[in-house]
Amino acid sequence: MGVMTDSVEAQSNSETCDNMLRPCAGGMSENLKNEPFDPSSWYIAQVKRHNELVCRKILNSPDRFPYKVEAYVAAQQELVYRANRTRHIKERVVIAGKIFIRVDQSHRQDVLKQCLLLSRYVKDPSSSPTASGFTPFARVPDWEIQRLRDIFTLADGPVEYNDTLPRPNDKIQVLTGPLHGLRGTVTTISGRKFATVLLDTLGTFSFRLPIADIAKLPE
């Protein structure tokens, strides 16, 4: 048996998802296509690696679903030179294995079932389980997705992603806001969203900052 390459596997998975989606689009009410959905946040779904862009194309294809679905992949366009010195634009996936999906919660599970490239939605590790033991799914606000789009559009060079959280005693620098540029020390971490930071530049001021607004300084 031959070994399937990433590109061949992606094409095969795409065709499989195509076949699964066709009956879905014809089997539900046309009225659902005009149904409103929450535009304020996005789910995070795990997708087979090297298939992020294929999955995005499938989910964003017009008339694939009888309801509104929008998918976004954190990817950056790069200029690539071929061996014959010609050049072309290529998308490089920055956050691998993840895709952001905006869909009404009533259709969330159906989207997952209709494409084999998707495995599951990511739970929110900063949320406590409910009385029934259910942990809410992670939701990314739309303004953060827009920030990602801006970063990849405006960045002067390759953008790198690091999902390692800061730890207590890490030296950090504030990236945004009125305290931009100030340096401090992480004292505690609250889930995956906030860190309490001691700003030693100005003295002993301690307060919470979003983790997205700080960066660990090189040692």
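## Salt bridges and a nonpolar patch

The count comes to 7 salt bridges, where a salt bridge is a side-chain nitrogen of Lys or Arg within 4 Å of a carboxyl oxygen of Asp or Glu. The model is predicted, so local features need pLDDT of at least 70 and side-chain atom pairs count only at pLDDT 80 or more, while totals for chains, interfaces and linings use all residues. Residues are numbered from 1 along each chain as its sequence is written, and side-chain values use heavy atoms, with hydrogens and water left out.

Side chains of opposite charge can pair when their charged atoms come close.

| Salt bridge | Distance, N to O |
|---|---|
| R102 and E70 | 2.6 Å |
| E78 and R92 | 2.5 Å |
| R102 and D142 | 3.3 Å |

Consider R102 and E70, whose side chains meet in a salt bridge. The pair links distant parts of the chain, with R102 in strand β5 (residues 98-103) and E70 in strand β2 (residues 69-72), 32 residues apart. Helices (H or I, at least four residues) and strands (E, at least two) are DSSP runs, numbered from the N terminus. R102 counts as buried, at 11% relative accessibility, whereas E70 is partly exposed at 25%. In these terms, buried means under 20% relative accessible area, exposed means over 50%, and partly exposed lies in between (1.4 Å probe, protein chains only).

R102 also forms a salt bridge with D142. Because R102 lies in strand β5 and D142 in helix α4 (residues 142-154), this pair ties together parts that are 40 residues apart in sequence. Salt bridges that share partners join E70, R102, D142 and R149 into one network.

A further salt bridge is formed by the side chains of E78 and R92. E78 belongs to strand β3 (residues 75-81) and R92 to strand β4 (residues 87-93), 14 residues apart. E78 is partly exposed, with a relative accessible area of 24%, and R92 is partly exposed at 22%.

The surface also carries a nonpolar patch of about 330 Å², made by L79, Y81 and I89. Patches are made of residues with over 30% relative accessible area and no salt bridge; like charges are joined within 9 Å, and nonpolar side chains (Val, Leu, Ile, Met, Phe, Trp, Tyr) within 5 Å. Accessible areas come from the Shrake-Rupley method with a 1.4 Å probe, and for residues only the protein chains shown count as cover. I89 lies in strand β4 and is exposed, with a relative accessible area of 52%.
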